[in-house]
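Please open the model in your viewer and keep the selection panel at hand.

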Amino acid sequence: MVDKSIIGREYPEFTFEVEKGKIKEFARAIGDKNPLYYDEKAAKEAGFEGLVLPPSFPTVFAMAGGLMEVMLGDLKLDLSKILHGGQQYEYFKPIKPGDTVTGKVRIANAFEKAGKAGTMDFIVMETTYTNQNGERVLVDTSTMIQRR
Amino acid sequence: MAGKQVFFEDVNEGGSMPEFVSEPLTETQFVMYAGASGDFNPLHTVHSFGEMVGYGGVIGHGMLSMAVVGRGLTDWLGNKALKKFGVSFRTVTKAKDVITVKGVVAKKYTEGGNNCIDINLVAENQRGETVVTGNATAALPSKS
């Protein structure tokens with residue numbers, strides 16, 4: 001049974017510095033040739049301050065910031081039984097190369113749900129990111145599903 | 001890549017976003033995505049692990065599917081519009097899968113001075129199976 005007492009649990013903050021090389025590497029991996037991800041000049045001409053981040057790039061913050069460690073360690077999840085059920089981003093301010101974002105993870109919900117494959121445990125993690133100026137830039141809501 | 005600017009006046013409730021079709025996914029891409037994203041779950045890169053879990057081999061990252069949907073959105077609306085973007089993962093992807101992303105404008109409204117649209121999204125593989133469903137909210141510039 002899913003442990004409801006984890007709801008509201010918070011984890012120590014982590015930081016991530018956004019680098020140009022990582023943006024290009026990510027854009028290549030997803031097969032996107034959009035010049036705004038590779039060419040600073042094109043990005044500036046299009047009205048951006050620097051290279052642009054693809055919409056799902058913030059997964060890089062989460063992975064680097066230890067979301068996996070949180071799940072595997074503290075929540076004792078089994079890699080062979082977990083699935084990424086859903087992912088949401090809410091964008092408040094642009095994030096650009098050179099920014100350092102600080103993420104704070106909180107367990108927003110934990111519940112079980114019966115489905116075709118039997119009852120599964122759902123854990124919803126919410127990560128709020130602020131930039132180096134203390135501005136809230138992004139909220140990441142990630143739902144993990146554990147098969148029993 | 002982004003086409004010409006889409007304005008609030010250009011979209012209507014019930015209207016469709018241009019269909020986006022991915023290149024066939026490859027196992028090399030899963031390795032590239034693991035490195036780029038930092039998600040080294042062996043399900044995506046180690047064949048024997050994928051077999052043990054029952055997938056018969058490696059599967060693509062769910063977040064790679066989301067990235068493909070994101071490509072459809074940014075190709076259509078550019079890189080300044082998105083306010084919210086969410087997906088639910090329905091079916092795993094495998095190498096050689098071709099993902100088609102479709103979207104419908106569910107709602108068009110003005111809120112807090114922004115001209116917004118809500119978009120319902122679905123991505124399917126070449127067998128017509130739903131890979132992800134999702135939704136997005138975008139703020140668009142107005143012609144006036």
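A salt bridge is a side-chain nitrogen of Lys or Arg within 4 Å of a carboxyl oxygen of Asp or Glu. This is a predicted model, in which local features need pLDDT of at least 70, side-chain atom pairs count only at pLDDT 80 or more, and totals for chains, interfaces and linings use all residues. Residues are numbered from 1 along each chain as its sequence is written, chains are lettered from A and ligands numbered from 1 in the order in which they are written, and side-chain values use heavy atoms, with hydrogens and water left out.

**Stop 1: a pair in chain B**

Select B:Glu124 and B:Lys102, whose side chains form a salt bridge with an N to O distance of 3.3 Å. B:Glu124 belongs to strand E4 (residues 114–124) of chain B and B:Lys102 to strand E3 (residues 100–111) of chain B, so the pair ties together parts that are 22 residues apart in sequence. Helices (H or I, at least four residues) and strands (E, at least two) are DSSP runs, numbered from the N terminus. B:Glu124 is partly exposed at 21% relative accessibility, and B:Lys102 is partly exposed at 29%.

**Stop 2: the whole of chain B**

Now select chain B, which has 3 helices and 5 strands. Along the sequence, chain B follows the pattern β-α-α-α-β-β-β-β. Its C-alpha atoms fill a box of roughly 60 × 30 × 25 Å along the principal axes. Of the 144 residues in chain B, 51% are buried.

**Stop 3: helix H1 of chain B**

Select residues 27–37 of chain B, which form helix H1. Which residues of this helix are buried? They are B:Gln29, B:Phe30, B:Tyr33, B:Ala34, B:Ala36 and B:Ser37. An α-helix has 3.6 residues a turn, so residues three or four places apart point the same way. The cover over the buried residues of H1(B) includes helix H1 (20–29) and helix H3 (59–65) of chain A, together with helix H3 (62–77) of chain B. Just after H1(B), select B:Gly38, which takes a positive phi of about 85°.

**Stop 4: where chain B meets chain A**

Display both chains. The contact (heavy atoms within 4.5 Å) takes 33 residues from chain B and 36 residues from chain A. The size of an interface is often given as the accessible area lost when the parts come together. Here the buried area, the accessible area (1.4 Å probe) that two parts lose on being put together, summed over both, is about 2,900 Å², with 60% of it on carbon and sulfur atoms. How many salt bridges lie between chain B and chain A? The count is 0. On the side of chain B that touches chain A, H1, helix H2 (47–53), H3 and strand E2 (82–89) of chain B each supply at least two residues. E2(B) gives the largest share, 8 residues.

**Stop 5: the two domains of chain A**

Colour chain A by domain: domain 1 is 4–18 + 55–147 and domain 2 is 19–52, with bounds that come from an automatic or database domain assignment. Their contact takes 9 residues from domain 1 of chain A and 9 residues from domain 2 of chain A. The centres of the two domains, taken over C-alpha atoms, are 24 Å apart. Between them the domains bury about 780 Å², 75% of it on carbon and sulfur atoms. Select A:Phe57, A:Lys96 and A:Pro97, which supply 54% of the area that domain 1 of chain A buries against domain 2 of chain A, more than any other three residues. Across this domain interface there are 0 salt bridges.

**Stop 6: salt bridges in chain A**

A search of the whole structure finds 15 salt bridges over all chains. Select A:Glu10 and A:Lys104, one such pair, at 4.0 Å from N to O. A:Glu10 lies in the segment before strand E1 (14–17) of chain A and A:Lys104 in strand E3 (residues 100–115) of chain A, 94 residues apart. Next select A:Glu40 and A:Lys20, whose side chains meet in a salt bridge at 3.6 Å, N to O. A:Glu40 lies in helix H2 (residues 40–45) of chain A and A:Lys20 in helix H1 of chain A, so this pair ties together parts 20 residues apart in sequence. Finally, select A:Glu112, A:Asp121 and A:Arg148, which are linked in a network of salt bridges.

Note on methods. Buried means under 20% relative accessible area, exposed over 50%, partly exposed in between (1.4 Å probe, protein chains only).
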